[in-house]
Amino acid sequence: MVKDKIVNRPKIRAVFFDQDGVLYNSMPYHAKSWAWAMTKHGLPYTEIECYRNEGRTSTGVIQEHHMNMYGTDATPELIEAIYKDKTEHFTEMTGGFPGIIPDVDKVLKWLHTHGIQCWVVTGSGQRNLINALNDTFDNVFSGIVSSFDVRHGKPDPEPYLKAWEKCGFQKDECMVVENAPLGVRAAKAAGLFTVAVNTGPLPDADLADEKADIILHNMNELLNWFKQQ
């Protein structure tokens with residue numbers, strides 16, 4: 001779903017990219033490892049639930065599911081144990097690096113070449129992936145906002161508001177690229193124009209329901225959209 005091209009819009013000066021499912025092709029592995037680790041610790045969880053909760057911090061994912069199942073908060077010890085098992089399972093499947101979303105490197109290179117800042121805004125706390133971002137993508141990023149930088153993760157707007165404050169531009173000079181419904185919700189709550197690139201198994205309707213301004217299906221479509229602006 002692509003709406004009509006926007007006219008009379010200020011030039012975009014900064015693009016905020018989600019990490020998992022937008023930069024890294026990591027979501028299938030996250031989904032499998034979350035389902036495995038949660039179920040192991042008595043919190044049956046499906047891969048599709050992982051996609052629907054994508055964007056939350058790891059603590060937020062566990063707390064949300066524990067509250068839904070038992071009506072109580074998870075203990076710090078349980079959170080630590082689940083996240084440890086989840087991370088280890090992810091690393092076993094991927095060797096620590098899941099690869100990148102096809103053609104996203106072309107999008108980043110085009111933006112960087114045209115003087116548009118690229119930022120990462122992620123709910124991830126997986127340090128190996130966060131630390132690899134600049135090496136993987138040739139140091140194109142002007143800044144990174146992760147779960148270590150915020151009190152409230154997505155769908156709260158805080159992560160995107162923090163990136164906007166740090167970049168120093170007006171809101172209408174910034175935009176977001178997301179793949180997850182909760183990420184879209186966070187971006188729209190922050191008052192930012194949002195393009196959803198649906199790289200996962202959820203229907204487009206899930207992104208449309210969260211008021212994504214445009215819905216695309218791969219990074220070549222996104223690159224062509226940028227070139228038309």
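Tutor: The axes of α3 and α4 come within 10 Å of each other and cross at roughly 115°; axes are lines fitted to C-alpha atoms, for helices over the stretch in contact, and angles run from 0 to 180 degrees between N-to-C directions. Their crossing is right-handed, a term used if the near helix is turned clockwise from the far one by less than a right angle. On the α3 side the contact (heavy atoms within 4.5 Å) is made by S58, T59, I62, Q63 and H66, and on the α4 side by L78, I79, I82 and Y83. By class, this contact has five nonpolar, four polar and no charged residues; Ala, Val, Leu, Ile, Met, Phe, Trp, Tyr, Cys and Pro count as nonpolar, Asp, Glu, Lys and Arg as charged, and the others, Gly among them, as polar.

The model is predicted: local features need pLDDT of at least 70 and side-chain atom pairs count only at pLDDT 80 or more, while totals for chains, interfaces and linings use all residues. Residues are numbered from 1 along each chain as its sequence is written, and side-chain values use heavy atoms, with hydrogens and water left out.

Helices α3 (58–70) and α4 (76–94) are also among the elements that cover the buried residues of α1. Those buried residues (under 20% relative accessible area, 1.4 Å probe, protein chains only) are M27, H30, A31, S33, W34, A35, A37 and M38. Helices here are DSSP runs of H or I with at least four residues, numbered from the N terminus. Just after α1, G42 takes a positive phi of about 80°.

Methods: Buried means under 20% relative accessible area, exposed over 50%, partly exposed in between (1.4 Å probe, protein chains only). Helices (H or I, at least four residues) and strands (E, at least two) are DSSP runs, numbered from the N terminus.
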